[in-house]
Amino acid sequence: MSTTTRITHLIDGQSWTGTAERTSPVFNPATGEQTGVLDLASAALVDEVVKSAASAWESWADASLAKRAQVLFAFRELLNSRKDEIGALITAEHGKVLSDAVGEVTRGLEVAEFACGIPHLLKGGFSENASTNVDVYSIRQAVGVVAVISPFNFPAMVPLWFIPIAIACGNSVVLKPSEKDPSAALAIAALWKEAGLPDGVMQVVHGDKEAVDALLTHPDVKSVSFVGSTPIAKYVYETGTAHGKRVQALGGAKNHMLVLPDADLDLAADAAVNAGFGSAGERCMAISALVAVEPIADELVSKIRDRMGKLVTGDGTRGADMGPLVTKQHRDKVAGYLDSGVADGATLVVDGRESDFDADGDGYFLAPTLFDNVKPGMSVYDDEIFGPVLSVVRVHSYDDGLKLINSNPYGNGTAIFTNDGGAARKFQRQVEVGMVGVNVPIPVPVSYYSFGGWKNSLFGDTHAHGMEGVHFFTRGKVVTSRWLDPSHGGLNLGFPQND
Ligand code: NAD
């Protein structure tokens with residue numbers, strides 16, 4: 001008989017001991033078994049958590065840069081040493097294969113490494129003698145309690161896009177993870193405590209709309225970093241800013257890969273399969289529309305179909321290439337697009353429902369699916385499916401492909417495949433998308449650059465991590481100063497030390 005684990009909030013460094021009025025089940029998508037019961041926070045509990053984060057913030061904001069960097073370095077080491085454990089938690093609740101789960105922790109780790117340089121990142125400017133005997137300098141200070149609301153598809157990486165930088169800048173964090181796969185967030189929060197972060201600076205509160213609304217409207221929450229679907233991102237942006245908060249709300253995506261006739265078609269086919277079906281297409285940077293500039297479409301479709309025949313779909317703990325979808329409802333919704341694509345007139349080249357799966361139990365599997373002759377106006381093109389469904393759209397020129405991409409309401413990621421440097425350069429300049437790959441299908445920026453899309457893929461003007469992250473989690477201040485007399489510090493022959 002299977003057992004279910006209670007999963008609850010982490011408040012002031014301790015697991016919450018209260019009784020939840022509402023709970024939500026957590027499943028293993030590879031078996032269909034319920035493995036957990038998640039406590040959902042009420043608005044009153046969120047208020048309690050935010051108030052306690054606010055009181056923890058007062059002393060954390062005063063911690064020296066040296067102290068904050070020490071905690072960051074310790075956290076980085078701990079995260080690196082536990083990435084396999086956290087990866088296993090992700091696979092058990094999200095379903096993605098183990099290597100991919102560990103891979104997302106590693107991408108989050110890179111943000112922690114970036115944040116270790118906080119003493120350098122927070123250096124301000126200084127202008128001596130801006131006026132006679134007057135100096136002017138700039139500093140950046142923490143904003144206070146910051147909320148992070150994350151989606152199911154990257155339960156470790158997305159929180160880690162924000163949290164290390166927010167903490168390094170001297171803020172307190174309240175994280176509200178996805179209710180579908182909440183355990184990785186708790187494991188990461190435990191590492192902060194172990195790294196020496198004072199209790200209360202990193203809080204985890206679980207919940208749904210009630211908890212999110214409580215964060216968006218709470219006067220002590222100063223900023224909101226949200227990642228999720230476009231309708232919720234828009235709602236979060238509008239509600240949060242209406243309540244005086246700075247908000248960065250990253251939304252959904254429909255990522256196009258433009259393949260020009262001169263491209264290396266084997267490279268392009270590998271890339272399309274990897275980027276289309278990795279993590280069962282549940283990546284905001286997944287390629288879901290492959291735009292083939294004729295006359296190469298027939299050859300490219302045939303190469304992709306051949307590669308798809310070699311993929312194993314199954315339980316992510318036992319070596320499959322692709323795992324299940326996150327919930328039964330989501331699996332059925334994605335499978336529904338296969339019927340609507342056919343009804344709309346697209347050609348179903350590979351049907352993911354007709355596959356055997358390497359798994360036991362009642363997992364939420366759907367194997368990779370390929371559509372050809374897809375056009376705007378069909379739901380498989382217009383909607384963000386967020387599953388292992390790749391659509392080939394045939395166009396007759398670079399200009400037609402560019403127009404298609406720029407007409408799409410989303411603008412998260414895109415890629416061009418070509419051997420023509422001039423064409424690639426023209427594309428990177430003309431395309432209206434926030435992250436662009438040149439012969440790279442998933443152009444997720446490294447941590448010291450910033451991640452974010454355009455149009456309906458991001459509400460707000462600040463992208464995640466990199467220097468934009470440092471700016472988002474701090475407020476600027478400029479000081480103009482004049483000292484009429486020299487000051488004397490006294491004698492001290494000791495060696496300077498950080499404490
Ligand atoms: P989601 O929008 O359903 O949920 C995201 C968060 O919002 C969760 O924490 C959830 O609890 C909360 N939420 C859900 N419904 C809410 C409501 N009515 N009111 C307030 N809060 C609510 O997204 P998801 O299904 O967890 O994640 C997949 C989506 O996230 C996809 O659209 C994907 O493209 C997007 N995503 C975008 C990026 C990016 O960088 N742009 C990255 C990852 C995921």
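This is a predicted model: local features need pLDDT of at least 70, side-chain atom pairs count only at pLDDT 80 or more; totals for chains, interfaces and linings use all residues.
The ligand sits in the largest pocket of the model. Its shell comprises 28 residues, of which Lys176, Glu179, Ser229, Gly251 and Glu384 come nearest to the ligand. When the shell is sorted by class, 14 residues are nonpolar, 10 are polar and 4 are charged. Two domains take part in the shell: domain 1 (5–251 + 457–479) and domain 2 (255–438) each contribute at least three residues. In terms of secondary structure, at least two shell residues come from helix 8 (209–217), and at least two come from strand 11 (221–227).

For Ser229, one of the residues that come nearest to the ligand, a polar side-chain atom is placed 2.7 Å from a ligand oxygen. Phe152 contributes through its backbone, where a polar atom is 3.0 Å from an oxygen atom of the ligand. Gly228 also contributes through its backbone, with an N or O atom lying 3.3 Å from a ligand oxygen. On its own, the ligand has 840 Å² of accessible area, and the protein covers 88% of this.

Two features of the backbone were also noted. Most residues other than glycine have a negative phi, and most peptide bonds are trans. The peptide bond between Glu294 and Pro295 is cis, with an omega of about 20°. Pro295 is placed in the loop that runs between strand 14 (287–293) and helix 11 (297–308). The other feature concerns Asn133, which is not a glycine but has a positive phi of about 60°. Asn133 is likewise in a loop, here between strand 6 (126–131) and strand 7 (134–142).

Methods:
Residues are numbered from 1 along each chain as its sequence is written. Side-chain values use heavy atoms; hydrogens and water are left out. A residue is near a molecule or strand if one of its heavy atoms lies within 4 Å of it. A polar contact is a pair of N or O atoms within 3.5 Å; within protein, one must be able to donate a hydrogen and the other to accept it, and residues adjacent in sequence count only if both atoms are side-chain atoms. Accessible areas come from the Shrake-Rupley method with a 1.4 Å probe; for residues, only the protein chains shown count as cover. On a 1 Å grid over the protein atoms alone, a cavity is a set of points where a 1.4 Å probe fits but cannot get out, and a pocket is an open set with protein on both sides within 12 Å along at least five of seven lines; lining residues have an atom within 4 Å of a point. A molecule sits in a cavity or pocket if more than half of its atoms lie within 2 Å of its grid points. Helices (H or I, at least four residues) and strands (E, at least two) are DSSP runs, numbered from the N terminus. Ala, Val, Leu, Ile, Met, Phe, Trp, Tyr, Cys and Pro count as nonpolar, Asp, Glu, Lys and Arg as charged, and the others, Gly among them, as polar. Domain bounds come from an automatic or database domain assignment.
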